[in-house]
Amino acid sequence: MEAVRSQRKSLVSTGVGSTLPLYRSAPPLEVRLEDFEIYAIDRLRVLKGISDALSRGKKPDEMEKLVLDLWKTNMRHQHSSELLNKDIISHFVLRLVYCRTEELRKWFLSIETTLFRYRFRDEPSEIQRALMAEFDLPYKAVTTAEYESVKEKLNQVARAIGQPITTDAIYYKVPFEEVPELVAGRRVFIQKGNAYIAMNQVVSLVITQFRSHLSKALVLTNRKWTSMIREQEKDRLVPIIEALSTSYLGPDYSQSREHAEISLKDIDQIAKSSFPLCMRHLFEKLREDHHLKHGGRMQLGLFLKGVGLKLDDALAFWRAEFSRKVGAERFDKEYAYSIRHNYGKEGKRTDYTPYSCQKIISSTPGVGDHHGCPYRHFSEENLRTALTRMRVGNRALEDVIDKVRNRHYQLACTLTFEAVHGSSCDAGVNHPNQYYNDSQRILESQKSSSNPKGTTASM
């Protein structure tokens with residue numbers, strides 16, 4: 001697969017008529033740079049949606065619907081003939097993105113395997129058998145005579161796991177180590193080292209092969225990345241590849257859209273009610289120390305801009321705090337420029353965007369810094385103290401800590417939001433400004449419902 005600026009060849013589908021490729025080798029086609037990135041982002045929306053759902057403990061039947069809906073929503077193409085191309089291209093682009101570290105490989109392997117599992121299950125049985133043959137697996141269906149000899153045992157297993165019993169069932173006999181998830185779940189009959197798996201359980205066998213192949217392929221891709229691709233494509237593809245693994249895929253919060261601008265007289269109350277922990281911590285440290293280092297000023301400053309703090313008020317806000325530590329003259333000389341710069345009034349006049357959760361989580365605060373993600377960068381003791389101050393109850397607090405221990409930092413923030421507001425957040429928290437907007441929406445709704453008809457609430 002080669003990325004180019006304009007031309008492209010079409011990938012001709014071969015095989016069994018399935019729309020589910022096995023991703024055995026990179027496609028022999030040229031890809032426009034625009035498609036290279038757009039296709040990868042669309043697939044990444046699917047993978048991150050699956051990851052979030054798994055982290056939230058969705059049940060298998062819920063996962064199946066969610067995965068297929070995510071795929072249908074994000075992997076569309078205006079030309080139906082290009083759907084297979086988009087699928088294959090996006091997989092290989094993200095394979096390149098996520099091959100670069102062990103942690104990235106582990107995440108991609110897990111989520112791509114989950115995606116493949118539910119797509120495979122959605123295929124008709126004849127396509128499933130054909131895909132199974134594509135793996136060149138040396139397993140044949142159990143003969144009628146052998147089936148009759150173990151039929152009662154197979155029916156016992158089927159009844160135990162709630163599977164329908166049919167007279168024309170097809171079973172495969174495979175070494176039990178080839179289907180570890182079925183063995184672990186006691187969902188298969190084993191005899192003399194062989195597992196008898198029903199046709200509707202073949203997905204477990206295929207998934208084992210798919211996962212093994214992809215795991216090896218990611219290691220090989222990493223070797224190519226480090227030995228050749230990173231240097232050859234350092235000016236063209238590398239910036240795209242490196243950005244994709246931490247891409248924020250949600251709305252742009254560079255301008256406040258949903259709520260009116262905030263005023264300085266309200267900012268302390270709003271910080272307590274609607275700021276996520278990362279911004280609340282920075283805000284409180286600024287009030288306490290009258291100073292923040294550069295990383296903290298950028299993270300909090302762009303967030304405040306996104307929630308509606310106008311430039312003049314931002315200058316007044318920062319000046320009031322910093323002048324107590326460094327004096328007004330030094331503030332105007334050393335710090336005011338960067339604030340105006342963030343609002344697009346200096347330098348290149350770029351309208352800078354507030355930081356996403358991904359960017360904040362991936363930051364590396366040093367000694368004396370207060371920016372970053374508290375769920376990742378706080379000690380457990382400090383995090384418990386902070387959550388208690390936000391009035392997160394004991395049970396919810398333990399759920400949050402559990403997610404932090406498993407490195408699900410955004411889900412931990414989502415659970416905090418739900419505990420503080422008494423309302424679910426099914427979409428999850430992906431951006432501090434999203435947290436603020438959702439919080440304000442809930443609080444405004446609560447005020448409207450608590451006021452008599454015909455009256456309005458004032459902040």
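1. Let me start with helix α5 (residues 125-134), whose buried residues are I127, Q128, A130, L131 and M132. Buried here means under 20% relative accessible area, while exposed means over 50% and partly exposed lies in between (1.4 Å probe, protein chains only). The cover over those buried residues of α5 includes α4, β3 (171-175) and α8 (202-232). Just after α5, D136 adopts a positive phi of about 55 degrees.

2. A word on what you are looking at: this is a predicted model, in which local features need pLDDT of at least 70 and side-chain atom pairs count only at pLDDT 80 or more, while totals for chains, interfaces and linings use all residues. Residues are numbered from 1 along each chain as its sequence is written, and side-chain values use heavy atoms, with hydrogens and water left out.

3. Now the overall picture. The protein has 21 helices and five strands; these are DSSP runs numbered from the N terminus, with helices being H or I of at least four residues and strands E of at least two. Its C-alpha atoms fill a box of roughly 90 × 55 × 50 Å along the principal axes. Of the 459 residues, 47% count as buried. Among contacts between residues at least 6 apart in sequence, 70% join residues at least 24 apart. The accessible surface comes to about 24200 Å², and carbon and sulfur atoms account for 48% of that; such areas come from the Shrake-Rupley method with a 1.4 Å probe, and for residues only the protein chains shown count as cover.

4. Next, the salt bridges, of which the whole structure holds 27. The criterion is a side-chain nitrogen of Lys or Arg within 4 Å of a carboxyl oxygen of Asp or Glu. One of them joins R43 to E112, with the closest N and O atoms 2.6 Å apart. R43 lies in helix α1 (residues 33-55) and E112 in helix α4 (residues 102-121), so this pair ties together parts that are 69 residues apart in sequence. R43 counts as buried because its relative accessibility is 0%, and E112 is buried too, at 1%.

5. E284 and R389 form another salt bridge, at 3.4 Å from N to O. This pair links distant parts of the chain, with E284 in helix α11 (residues 277-289) and R389 in helix α18 (residues 380-389), 105 residues apart. E284 is partly exposed at 24% relative accessibility, whereas R389 is exposed, with a relative accessible area of 53%.

6. For a local example, look at R330 and E334, whose side chains meet in a salt bridge at 3.2 Å, N to O. The two are four residues apart in helix α14 (residues 328-334), so about one helical turn separates them. Both ends are partly exposed: R330 has a relative accessibility of 40% and E334 one of 44%. Elsewhere, salt bridges with shared partners join R43, D87, E112 and R119 into one network.

7. On to the rings: the structure holds 18 aromatic pairs. Rings of Phe, Tyr and Trp (its six-membered ring) pair if their centres lie within 6.5 Å; planes under 30 degrees apart count as stacked, over 60 as edge-to-face and the rest as tilted. W318 and F322 make an edge-to-face pair, 6.0 Å centre to centre with 65 degrees between the planes. Both sit in helix α13 (residues 311-326), four residues apart, about one turn of the helix. W318 is buried at 3% relative accessibility, and F322 is buried at 1%.

8. F322 also pairs with Y335: the ring centres are 4.8 Å apart and the planes stand at 65 degrees, so this pair is edge-to-face. Both F322 and Y335 are buried. Ring pairs link F275, F283, F303, F317, W318, F322, F331, Y335 and Y436 into a cluster.

9. Two charges over rings are worth a look. The charged end of R119 sits over the ring of W71, 3.8 Å from its centre, and K359 lies over the face of Y355, 4.9 Å from the ring centre. The test is NZ of Lys or CZ of Arg within 6 Å of the ring centre and within 35 degrees of the ring normal.

10. Finally, T114 has its place in helix α4 and is buried, at 12% relative accessibility. Leaving aside neighbours within four places in sequence, T114 is in contact with I50, L54 and M63.

Definitions and conventions
Contact means heavy atoms within 4.5 Å.
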